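I opened this notebook to record what I looked up in one protein model. My entries go from the domains to the overall fold, and then to local details.

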Amino acid sequence: MAGIYIHVPFCKSKCSYCDFASYPKETSKIESYFACLYREIEARAKEFKDKTFSTVYFGGGTPSFVDEKFILGAVRQVKKHFNLVYNPEITIEINPGTVNKEKINAYKSVGINRFSIGLQTGYDCQLKKLNRIHTAKDFLECTNLLKGENISADILIGLEDQTLEQVKKSIDLALTGGAKHLSVYALTPEVGTPIYNDYLNGRLLSDDEVADIYDGVREYLSQKGIDRYEVSNFALKGFESKHNLNYWERGEYVGLGVSASSFMNNRRWTNSYKIDEYNTAIIFNKVPEISSDIIEGKDAEFEFIMLALRTENGMSIERFNKEFNLDFLKEYAEPLKKKQKYLILENNRLKIKPEYLYVQNDIILEFMK
Ligand code: SF4
């Protein structure tokens with residue numbers, strides 16, 4: 001079954017590490033953007049009327065920053081035009097300080113049932129440095145509005161002078177707020193972002209220091225029964241993100257809105273990153289795509305392997321063989337032998353040993369032929 005991703009490219013202000021498609025200075029375009037997004041939803045649904053979708057994910061940007069009527073409209077439009085399963089997982093990304101009780105109730109009224117909150121860290125001084133719009137207290141106020149709901153929290157590691165103890169405290173805060181799922185990402189200093197200067201000046205933690213924090217986080221969460229299921233994602237049993245699991249299984253998904261990527265019928269495409277360009281394309285009944293590729297042969301095989309090996313559960317060899325009409329163990333005998341120290345082959349599945357999952361890139365690259 002497939003997923004639907006909807007991008008909301010607006011935020012209150014820009015975080016110092018952010019290179020996502022989010023435009024705090026273009027909030028005057030919110031209304032016109034959603035009008036165009038609704039049209040894209042309808043058009044893409046027509047294109048894929050033979051498919052069934054089981055998850056919807058509002059990402060950004062900050063979807064909770066815009067008036068709830070726009071999100072409600074998008075959910076209704078999706079429900080009206082796409083074939084959805086009964087009770088789909090519908091996630092919305094939220095930033096503390098952008099929601100109130102009315103907004104949350106409105107989300108719930110249309111079936112939004114998973115809330116992914118950008119906490120990043122529980123330390124106000126670090127939040128300030130990242131130019132986040134909220135404090136740790138705002139996070140708890142936000143989770144207070146979401147009592148009993150399915151909550152996920154994002155945590156960043158690798159911040160200037162950050163220690164494992166601080167990260168553990170941030171995790172404690174997330175758990176106090178009721179999070180049952182955590183995404184723990186290493187800060188990536190992207191060129192052009194303010195934090196890139198900190199990186200150039202050697203102020204951020206080294207890769208080894210980040211890896212040590214990551215190992216400490218994994219151990220800490222595992223003691224609490226919150227297990228890793230993908231390199232950056234941890235959850236109590238049953239609270240894994242269905243939407244993201246579909247990505248790692250190389251499942252199909254339609255991405256709607258600015259900068260959104262899609263993968264349907266072996267075609268991968270990406271929409272324009274510019275709001276004006278996106279809106280203009282939609283208004284003139286053109287596709288807002290800036291790239292489109294058919295993924296086949298070795299590229300498709302590598303994608304399948306790479307995505308599956310990011311997960312704790314690894315790759316089903318049977319699924320691979322069926323999908324590509326090949327014998328994986330024969331076809332990839334060489335990389336399997338070369339990297340056997342890092343791999344587990346059991347029950348017709350290939351996995352990276354848990355202690356090496358964080359450094360999976362080097363191992364996975366061996367399968368790129
Ligand atoms: S809230 Fe997220 S999308 Fe918005 S500026 Fe910060 S990191 Fe970027």
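Predicted model: local features only at pLDDT ≥ 70, side-chain atom pairs only at ≥ 80, totals over all residues.

**Entry 1: domains.** The centres of domain 1 and domain 2, taken over C-alpha atoms, are 29 Å apart. I then looked up the bounds: the domain assignment places domain 1 at residues 2-247 and domain 2 at residues 297-365. Next I asked how many residues each domain gives to the contact. Domain 1 contributes seven residues, and domain 2 contributes seven residues.

I went on to the side of domain 1 that touches domain 2. Helix α8 (207-223) and strand β7 (227-230) each provide at least two of its residues. The largest share, three residues, belongs to β7. By class, I noted five nonpolar residues, no polar ones and two charged ones on this side of domain 1.

**Entry 2: the whole protein.** I found 15 helices and 15 strands in the protein. The radius of gyration is 21 Å, close to the 21 Å given by the globule rule for 369 residues, so the protein is as compact as a globular protein of that length. Along the principal axes, the C-alpha atoms fill a box of roughly 55 × 50 × 40 Å.

**Entry 3: two helices.** I reminded myself that two packed helices are described by the angle between their axes and the distance between the axes. For helix α1 (residues 30-47) and helix α2 (residues 68-81), the axes come within 9 Å and cross at roughly 10 degrees. Angles under 35 degrees count as roughly parallel, and therefore α1 is roughly parallel to α2. Which residues make the contact? From α1 I listed Ile30, Phe34, Leu37, Tyr38, Ile41, Glu42 and Ala45, and from α2 Phe70, Gly73, Ala74, Gln77, Val78 and His81. The residues of this contact comprise nine nonpolar, three polar and one charged.

**Entry 4: the ligand.** I looked up which residues surround the ligand. They are Cys11, Lys14, Cys15, Cys18, Phe20, Ser22, Gly60, Gly61, Thr62, Asn95 and Gly118. This shell has six polar, four nonpolar and one charged residues.

**Entry 5: backbone geometry.** Before this entry I noted that most residues other than glycine have a negative phi, and most peptide bonds are trans. The peptide bond from glycine 60 to glycine 61 is cis, with omega near 20 degrees. Arginine 250 is not a glycine, yet its phi is positive, at about 55 degrees. I found arginine 250 in the loop between α9 (242-248) and β9 (253-256).

Methods
Residues numbered from 1 in each chain as written. Axes fitted to C-alpha atoms, helices over the stretch in contact; angles between N-to-C directions. Helix = DSSP H or I, 4+ residues; strand = E, 2+ residues; numbered from the N terminus. Parallel < 35°, antiparallel > 145°, perpendicular 65-115°, else oblique. Contact = placed C-beta atoms within 7 Å. Nonpolar A, V, L, I, M, F, W, Y, C, P; charged D, E, K, R; others polar. Domains from an automatic or database assignment. Near = placed C-beta within 6 Å. Rg over C-alpha atoms; globule rule 2.2 N^0.38 Å.
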